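Open your viewer and get ready to click along.

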Amino acid sequence: MSASRNQGGCGCCGGIFSLGMSALFMWLWIHTSNPKCSIQTLSLPSLRSASNLTAGPTLSLTLRLVNPNQLKGIKYDPLNVTVYDFPNKSNVIGNILMLGFYQGYRKKATKPGQGTANTTVALRAVSENGTGVFRVDMATAVKFKTLYGYSKRHKIRIGADVVVNASGVKVDRKGIRLRSMAPKMGNSCVVLLGALFNFLLFALLDFCKGYAIKGRITFCVIDG
């Protein structure tokens, strides 16, 4: 009798452990997070002197991209960065195009880029002795790589406001996170995983209940 109950208890404990590990693996496999992107540097050196307005002004920017996924790589299409005046985004200061690349699990990448800027527009957005605000938008598309190949393409459009000084250099020394107003990916996956977890949990409870009933029947037969 006691041996049967011990076996039943061990079976339930083992089942619970297996269920937890299976749920964790399925979460890592199903759940998908978009890459995290931030602006590390931004500068427009030609704003430092009016004599540089016709000297081929260069807009420089450095992005930092992080893949937060545990079991998925990310393949980026070319990254198209557009810098606008602020707040109406009606005038483009400059464009920067960065080559696409592949990023492995939990990897980080720093991508510098340069483009030609419209200094006239930039000067209107920055006061002579003060600061100004540029709007930086980044657009790309990504595919997530799993053990079974690549997913379909997901478009990403994110942006942030960047404060610059009168010399056209980003004021904040810390990275500025580019954010999107679109819903986060993976919401439907969370619902699916929750339903699957509940199914496995009820199956395990039925399994343990069967062990308990079997133990009671064995106990009655021995007493009889």
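**First stop: a lysine and its partners**

Select lysine 89, which is partly exposed with a relative accessible area of 35% (buried means under 20%, exposed over 50%, partly exposed in between, with a 1.4 Å probe and protein chains only). This is a predicted model, where local features need pLDDT of at least 70, side-chain atom pairs count only at pLDDT 80 or more, and totals for chains, interfaces and linings use all residues. Residues are numbered from 1 along each chain as its sequence is written, and side-chain values use heavy atoms, leaving out hydrogens and water.

Lysine 89 sits in the loop between E4 and strand E5 (92-98), and aspartate 137 in strand E8 (residues 131-146), so the pair ties together parts 48 residues apart in sequence. Strands (E, at least two residues) are DSSP runs, numbered from the N terminus. Is aspartate 137 buried or exposed? Aspartate 137 is buried, at 16% relative accessible area.

Now pick aspartate 161 and arginine 135, whose side chains form another salt bridge (3.1 Å, N to O).

**Last stop: another pair**

Select arginine 153 and aspartate 77, a salt bridge with its closest N and O atoms 3.0 Å apart. Aspartate 77 is partly exposed, at 22%.

Conventions
A salt bridge is a side-chain nitrogen of Lys or Arg within 4 Å of a carboxyl oxygen of Asp or Glu. Helices (H or I, at least four residues) and strands (E, at least two) are DSSP runs, numbered from the N terminus.
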